[in-house]
Amino acid sequence: GAEMSEVVQVERNGGVATVRMNRPDRLNAYNAEMGEGLLSAVSEASEDPSVRCVVLTGTGKAFSAGGDVESFAAFQDEGPGKFLGMAIGLHALIATLRRAPKPVVAAVNGVAAGAGFSMALACDVAVAASSARFTLGYQNIGLSPDGGMTFFLARALGTQRAMEMTLFSRVLPAARAAEWGLVQEIFPDAEFAAGVDALADRLASGPTLAYARAKELYNRALSQPLEAQLEEERQNISRCAGTRDFREGIRAFLDKRPPRFEGR
């Protein structure tokens, strides 16, 4: 069990590690302390071979309202350097979410704004409670987006729709986010925790190494030519063919039974 006072809590349940933002009184706003906690929790879960699925979520009624504006106010006079430091921490987290060699699920339990929205986009799959909503919010305080927002949103929505979300701080209800493909599934609030658990358990019992190879391929898919991508697909599928999970998958298929993958 995690300390209740920690701004980031980690819970283990079988192969699933849940990383929980825990500043509910501040809507899980991101500050330096939370940044450090998230980076170390996600890095550890990412590197631990017994973790086969990571869930990122928030305590209370928000996923994360984004950067802690009160802490911004406190160091506003120290010049832009402080923001640079904060962005470096956030960007290390975003890169770690993308590099984690296993599925990462954003369990968006409430509002995801600014950097909170960026974190959700950086995960492999996002699911949301029906009351969740998504917004950029940066322009409300005179900032441009960060946390990979412009990268992920442009690819998910196209630049014009992403720009519209940015210029007008448009708020997307969960249903619209699902319609636009930003969220895979919406659960009624009362069924959210159970829905997230079932999804995470399913991913944690999958062929982890094959998932990791697929993730690596998708990370590169939009930035290189077809020939290069085909070459990487060939290399990755042949590596997967050397795993125990592949042998088990073939046996299970021939025996007409569900496979029991071990993630190796």
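Predicted model: local features only at pLDDT ≥ 70, side-chain atom pairs only at ≥ 80, totals over all residues.
User: At about what angle does helix α4 run to β6?

Analyst: Helix α4 covers residues 115-122 and lies across the strands β4, β6 and β8. With β6, which spans residues 111-113, the direction of α4 makes an angle of about 100°.

User: How many of the residues of α4 are buried?

Analyst: A residue counts as buried when its relative accessible area is under 20%. Helix α4 is mostly covered, and the number of its eight residues that are buried is eight.

User: Which strands stand at the edges of the open sheet that has four strands?

Analyst: The order of strands in this sheet is β4-β6-β8-β9, and the pairing is mixed. An edge strand pairs on one side only, and this applies to residues 62-64 and to residues 172-173. The edge strands are therefore β4 and β9.

User: Which residue in β9 is the bridge partner of Arg-133?

Analyst: Strands of a sheet pair through backbone hydrogen bonds, either parallel or antiparallel. Strand β8, residues 133-135, runs antiparallel to β9, and two bridges join them. In β9, the partner of Arg-133 is Pro-173.

User: What is the average twist from one strand to the next in the open sheet of six strands?

Analyst: This sheet has mixed pairing and the order β1-β2-β3-β5-β7-β10. Strands β1 (8-13) and β10 (185-187) have a single partner strand each, so one side of each lacks a neighbour in the sheet. From one strand to the next, the twist averages 20°.

User: Which residue in β5 is the bridge partner of Thr-57?

Analyst: Strand β3 is parallel to β2 (residues 16-21), to which six bridges join it, and Thr-57 in β3 stands opposite Arg-20. Strand β3 also pairs in the parallel sense with β5 (residues 104-108), over four bridges. In β5, the bridge partner of Thr-57 is Ala-107.

User: Which residues are buried on the side of β3 that holds Val-54?

Analyst: Strand β3 (residues 53-58) is mostly covered, with six of its six residues buried. One side carries Cys-53, Val-55 and Thr-57.

User: Is Ser-46 buried or exposed?

Analyst: Ser-46 lies in helix α1, residues 32-47. Leaving aside residues up to four places away in sequence, Ser-46 touches Ala-100, Pro-101 and Lys-102. Its relative accessibility is 11%, so Ser-46 counts as buried.

User: How many residues apart in sequence are the parts that Arg-12 and Asp-48 tie together?

Analyst: The side chains of Arg-12 and Asp-48 meet in a salt bridge, at 3.4 Å from N to O. Arg-12 belongs to strand β1 and Asp-48 to the loop between α1 and β3, so the pair ties together parts whose separation in sequence is 36 residues.

User: Which residues are linked with Arg-23 and Asp-68 in a network of salt bridges?

Analyst: Side chains of opposite charge can pair when their charged atoms come close. Asp-68 and Arg-23 form a salt bridge of 2.9 Å, N to O. Asp-68 lies in the loop between β4 and α2, and Arg-23 in the loop between β2 and α1, so the pair ties together parts 45 residues apart in sequence. In the network, Arg-23 and Asp-68 are linked with Arg-26 and Glu-70.

User: Is Glu-248 buried or exposed?

Analyst: Glu-248 forms a salt bridge with Arg-257, and their closest N and O atoms are 2.7 Å apart. Arg-257 has 23% relative accessibility and so counts as partly exposed. Glu-248 has a relative accessible area of 9%, so Glu-248 is buried.

User: What is the accessible area, together, of the nonpolar patch formed by Phe-246, Ile-250, Phe-253 and Leu-254?

Analyst: Phe-253 lies in helix α11, residues 244-255. With a relative accessible area of 66%, Phe-253 is exposed. Together, the four residues of this surface patch have an accessible area of about 460 Å².

How values were computed
Residues numbered from 1 in each chain as written. Heavy atoms only, no water. Patch = residues over 30% accessible without salt bridge, like charges linked within 9 Å, V, L, I, M, F, W, Y side chains within 5 Å. Areas by Shrake-Rupley, 256 points an atom, 1.4 Å probe, with all protein chains shown as cover. Buried < 20%, exposed > 50% of the residue type's maximum accessible area, 1.4 Å probe, protein only. Contact = heavy atoms within 4.5 Å. Axes fitted to C-alpha atoms, helices over the stretch in contact; angles between N-to-C directions.
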